[in-house]
Amino acid sequence: MNFCYPKKYRLLYNSEFKNILFKNNRIVTLFLNVYFNCNNLTFPRLGIIISKKVIRLSNDRNRVKRLLRESFRMNKKNIRFIDFLIFPKRILCNLNNSEIFKLLDNLWCKYAIDN
């Protein structure tokens, strides 16, 4: 199996981000705001936005981004062809890595191919 995370699985352009935000399909949880939209591709894509106002320390921001990408990378083969845009909330920094992975696994299960 190919678990790499090349550029084709990333949302790269401002127009792609705006397209997802304007569709207004979202999930709001205690830890994340997730916007999503079906795409016409044969794979899911991920975009992450974390501002300095939300998570102040750069090492915390980078840790959260790394965990989000890793979770997506490990589950992308099971996810439908959807673009995801994730806005983590401040409280997410208080969780340890395993709790964040559990939270994200629940999110990916909602959009699994077999559902």
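Contact here means heavy atoms within 4.5 Å. I'm working from a predicted model.

**Entry 1: H2 against H3**

I looked up who meets whom between the two helices. From H2 I get Arg63, Leu67, Leu68, Glu70, Ser71, Phe72 and Asn75, and on the H3 side they meet Asn97, Ile100, Phe101, Leu104, Asp105 and Trp108. Sorted by class, this contact has seven nonpolar, three polar and three charged residues.

Next I checked the geometry. The axes of H2 (residues 58–75) and H3 (residues 97–110) come within 10 Å and cross at roughly 45 degrees. H2 and H3 are therefore oblique to each other. I noted the crossing of H2 past H3 as right-handed.

**Entry 2: Arg63**

I picked Arg63, which sits in helix H2. Is Arg63 buried or exposed? Its relative accessibility is 16%, so I log Arg63 as buried, the cut-off being under 20%. Leaving out residues up to four places away in sequence, Arg63 touches Leu92, Cys93, Leu95, Asn96, Asn97 and Ile100. For Cys93, I find 30 residues of chain separation from Arg63 and 8.7 Å between the C-alpha atoms.

**Entry 3: nonpolar cores**

I then went for the largest nonpolar core, which has 27 residues. Phe72, Phe84, Ile86, Leu107, Trp108 and Tyr111 have the most contacts inside it. Strand E2 (32–38), H2, strand E4 (82–88) and H3 each supply at least two residues of this core. Another core, of five residues, lies apart from it and includes Leu11, Phe17, Tyr35 and Leu85.

Key: Residues are numbered from 1 along each chain as its sequence is written. This is a predicted model: local features need pLDDT of at least 70, side-chain atom pairs count only at pLDDT 80 or more; totals for chains, interfaces and linings use all residues. Side-chain values use heavy atoms; hydrogens and water are left out. Axes are lines fitted to C-alpha atoms, for helices over the stretch in contact, and angles run from 0 to 180 degrees between N-to-C directions. Helices (H or I, at least four residues) and strands (E, at least two) are DSSP runs, numbered from the N terminus. Angles under 35 degrees count as roughly parallel, over 145 as roughly antiparallel, 65 to 115 as roughly perpendicular and the rest as oblique. A crossing is left-handed if the near helix is turned anticlockwise from the far one by less than a right angle, and right-handed if clockwise. Ala, Val, Leu, Ile, Met, Phe, Trp, Tyr, Cys and Pro count as nonpolar, Asp, Glu, Lys and Arg as charged, and the others, Gly among them, as polar. A nonpolar core is a set of buried Ala, Val, Leu, Ile, Met, Phe, Trp, Tyr and Cys residues joined through side-chain atoms within 4.5 Å. Buried means under 20% relative accessible area, exposed over 50%, partly exposed in between (1.4 Å probe, protein chains only).
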